Amino acid sequence: EQELIAGSSSDNAKSWDGINELVPNANVVKMTTANGTGAALTQRKVRKAIDLAKGMSRVFVNSNDGKPSRAILTSEGGGQEFDALLDSNQRHNDRVEVAGGFRVNTYDGIPILRTNVYGSLIWNNSASYAPSRTELLGATGSTTVAYFLNFSELWFEELEPFNTVPLATTDSQFEQADMRQTGAVVLRDTTAISMLTAITVS
């Protein structure tokens with residue numbers, strides 16, 4: 001999960017570029033341009049991020065399992081801010097079932113997925129359009145990010161199935177094994193994802 005979101009081949013040659021690296025500059029929406037600060041989540045900014053991600057504004061399901069093929073991915077704090085935005089606008093907070101049988105909240109019919117890979121961030125409006133890997137993986141601060149994903153254009157491709165490889169025996173009491181899986185994040189259309197940054201976490 002960590003590598004899917006914050007992976008960076010420039011930081012680690014053995015990694016792939018995760019979602020944070022794949023979002024194009026043109027598809028980044030900023031709540032504010034002021035360094036070190038954020039702004040409260042608004043419907044206008046969320047709608048802009050949805051509209052930027054190709055296919056996000058249409059209601060459709062995955063033809064394989066009937067589940068939604070789009071999602072908003074954010075931190076626990078970000079999920080709470082989406083809930084607060086819905087409550088403040090007196091909008092009913094619907095829930096939907098996603099793959100794995102989990103039921104999650106939605107925004108305008110789009111499932112909101114929460115991850116603990118990253119928490120709150122310190123917003124820095126530098127030349128870089130995205131939070132750094134260090135920030136995503138646990139820096140403290142007052143803002144967070146949300147990714148808007150169209151899974152018909154974005155997926156994880158398995159190149160080598162999960163397998164267990166026995167290692168050389170070094171102890172007569174125990175056996176050791178290495179668990180391996182090879183894969184990569186595939187983004188067929190770079191316009192199919194977007195990101196909303198500098199969301200204040202209250």
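Residues are numbered from 1 along each chain as its sequence is written, and side-chain values use heavy atoms, with hydrogens and water left out. Because the model is predicted, local features need pLDDT of at least 70 and side-chain atom pairs count only at pLDDT 80 or more, whereas totals for chains, interfaces and linings use all residues.

The chain contains five helices and nine strands, where helices (H or I, at least four residues) and strands (E, at least two) are DSSP runs numbered from the N terminus. Their order along the sequence is α-α-β-α-β-α-β-β-β-α-β-β-β-β. Of the 202 residues in the chain, 38% are buried; buried means under 20% relative accessible area, exposed over 50%, and partly exposed in between (1.4 Å probe, protein chains only). Contacts are defined by heavy atoms within 4.5 Å. Among contacts in the chain with a separation of 6 or more, 65% involve residues 24 or more positions apart. The chain exposes about 11,000 Å², of which carbon and sulfur atoms supply 49%; accessible areas come from the Shrake-Rupley method with a 1.4 Å probe, and for residues only the protein chains shown count as cover.

Helix 3 spans residues 43–52, and Val-46, Ala-49 and Ile-50 within it are buried. These residues lie on the same side of helix 3, because they cover an arc of only 100° around the axis, the arc being that of the directions from the helix axis to the C-beta atoms. In general, an α-helix has 3.6 residues a turn, so residues three or four places apart point the same way. The cover over the buried residues of helix 3 includes strand 1 (28–30), helix 4 (76–88), strand 4 (103–107), strand 5 (110–115), strand 6 (143–150) and strand 9 (193–200).

The loop between strand 1 and helix 3 holds Ala-39. Beyond residues up to four places away in sequence, Ala-39 touches Met-31, Thr-32, Ala-198, Ile-199 and Thr-200. Ala-39 and Thr-197 are 158 residues apart in sequence, yet their C-alpha atoms are 9.4 Å apart in space. Ala-198, one of the residues touched by Ala-39, belongs to strand 9 and is buried, with a relative accessible area of 1%. Its phi is near 60°, a positive value in a residue other than glycine.

A positive phi, of about 55°, also occurs at Asp-108, which is not a glycine. Asp-108 lies in the loop between strand 4 and strand 5 and is partly exposed, with a relative accessible area of 40%. Ser-152, in the loop between strand 6 and strand 7, is likewise partly exposed, with a relative accessible area of 28%. The C-alpha atoms of Ser-152 and Gly-55 are separated by 8.6 Å, although the two residues are 97 residues apart along the chain.

The largest pocket holds about 350 Å³ of space. Its lining comprises 14 residues, and Leu-4, Ile-19, Leu-73, Leu-149 and Phe-151 lie nearest its centre. Helix 1 (2–6), strand 5 and strand 7 (154–166) are the elements that give two or more residues to this lining. By class, the lining has 11 nonpolar residues, one polar and two charged; Ala, Val, Leu, Ile, Met, Phe, Trp, Tyr, Cys and Pro count as nonpolar, Asp, Glu, Lys and Arg as charged, and the others, Gly among them, as polar. On a 1 Å grid over the protein atoms alone, a pocket is an open set of points where a 1.4 Å probe fits, with protein on both sides within 12 Å along at least five of seven lines, and lining residues have an atom within 4 Å of a point. Grid points are joined across faces, edges and corners, and a volume is the space filled by probe spheres set on the points.
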